[in-house]
2 protein chains.
Amino acid sequence: MTAAELTRYKAQARIIKALAHPTRLFIVDELSRGERCVCELTDLIGVEMPTVSRHLSQLKNAGLLEDEKRGAQVFYRLRVPCVLNFFKCVQAVQMAHDAE
Amino acid sequence: MTAAELTRYKAQARIIKALAHPTRLFIVDELSRGERCVCELTDLIGVEMPTVSRHLSQLKNAGLLEDEKRGAQVFYRLRVPCVLNFFKCVQAVQMAHDAE
DNA sequence: TAGCGACTTGGCTAATTATGCAAGTAGCAA
DNA sequence: TTGCTACTTGCATAATTAGCCAAGTCGCTA
């Protein structure tokens, strides 16, 4: 693997890693139905708000979400809808695996 | 998040996590061009064989690869081609992010 | 301007992950 | 059966990640 390839794969891994957590998958799934503020997501998920906030930052830093402050609240939304295709493929993997 | 949802997201996260590493992305990319034995991948990647072997196990346990022993060698191949679509979407994320 | 609610960040700890070296297994060939 | 090559697994360590509580910021409203 060349240094250039390594750099490229690291950048890709960072994006995929942002999705590689149950809570963050839940967030993406929820945001596929429209924007949500941090407090709404916190209620839905059931962990402390600081934890949710960090998950959201991670997704945002990876380029998957964008945020908008409106008054005291911060709303997050999906930036790149194609990530939802991941779910379909993951299901295909699961079915192939279960049927082994 | 209900207990059932949590279980589902955990299972999905495990599969996505298997892809969330530069070396493992390289492996998937390489295997998209055909099966490879552990020694070939080891040469290409440039880390110790035990490390490559563990990355391969992780991908296999997630249901992404299958292996076949032929003589002293073990050949790995992609099991679910749709994971290659991930790369396209990841590129879309990167472009959207860079253009921000 | 004082106080409140919504959010982010700092600091810490526990858990997970990545990697290397060493040791073990399995197939083949002398 | 001895030895060699290909691979996996054990064990230890370093690095990363996830979570909580506490403290800080920012916008609104009394």
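You are looking at a predicted model, where local features need pLDDT of at least 70, side-chain atom pairs count only at pLDDT 80 or more, and totals for chains, interfaces and linings use all residues. Residues are numbered from 1 along each chain as its sequence is written, with chains lettered from A and ligands numbered from 1 in the order written.

Now colour α4(A), which contributes the most to this surface, with 6 residues. Of the 22 residues around DNA strand C, those that come nearest are A:C37, A:V38, A:C39, A:P50 and A:S53.

Next stop: the strands of chain A. Select β2 (residues 65–70) and β3(A), which run antiparallel and are joined by 6 bridges; strands pair if DSSP finds at least two bridges between them. Show A:K69 and its bridge partner A:V74. These two strands make a hairpin with 2 residues between them, and A:G71 in the turn has a positive phi of about 65°. On β1 (residues 36–37), which pairs antiparallel with β3(A) over 2 bridges, find A:R36 opposite A:Y76.

Finally, select α2 (residues 22–31) of chain A, where 7 of 10 residues are buried, that is, with 20 or more other C-beta atoms (placed from the backbone) within 10 Å of their own. Among them are A:L25, A:F26 and A:L31.

Note on methods:
Near = placed C-beta within 6 Å. Helix = DSSP H or I, 4+ residues; strand = E, 2+ residues; numbered from the N terminus. Buried ≥ 20, exposed ≤ 12 C-beta atoms within 10 Å, placed from the backbone.
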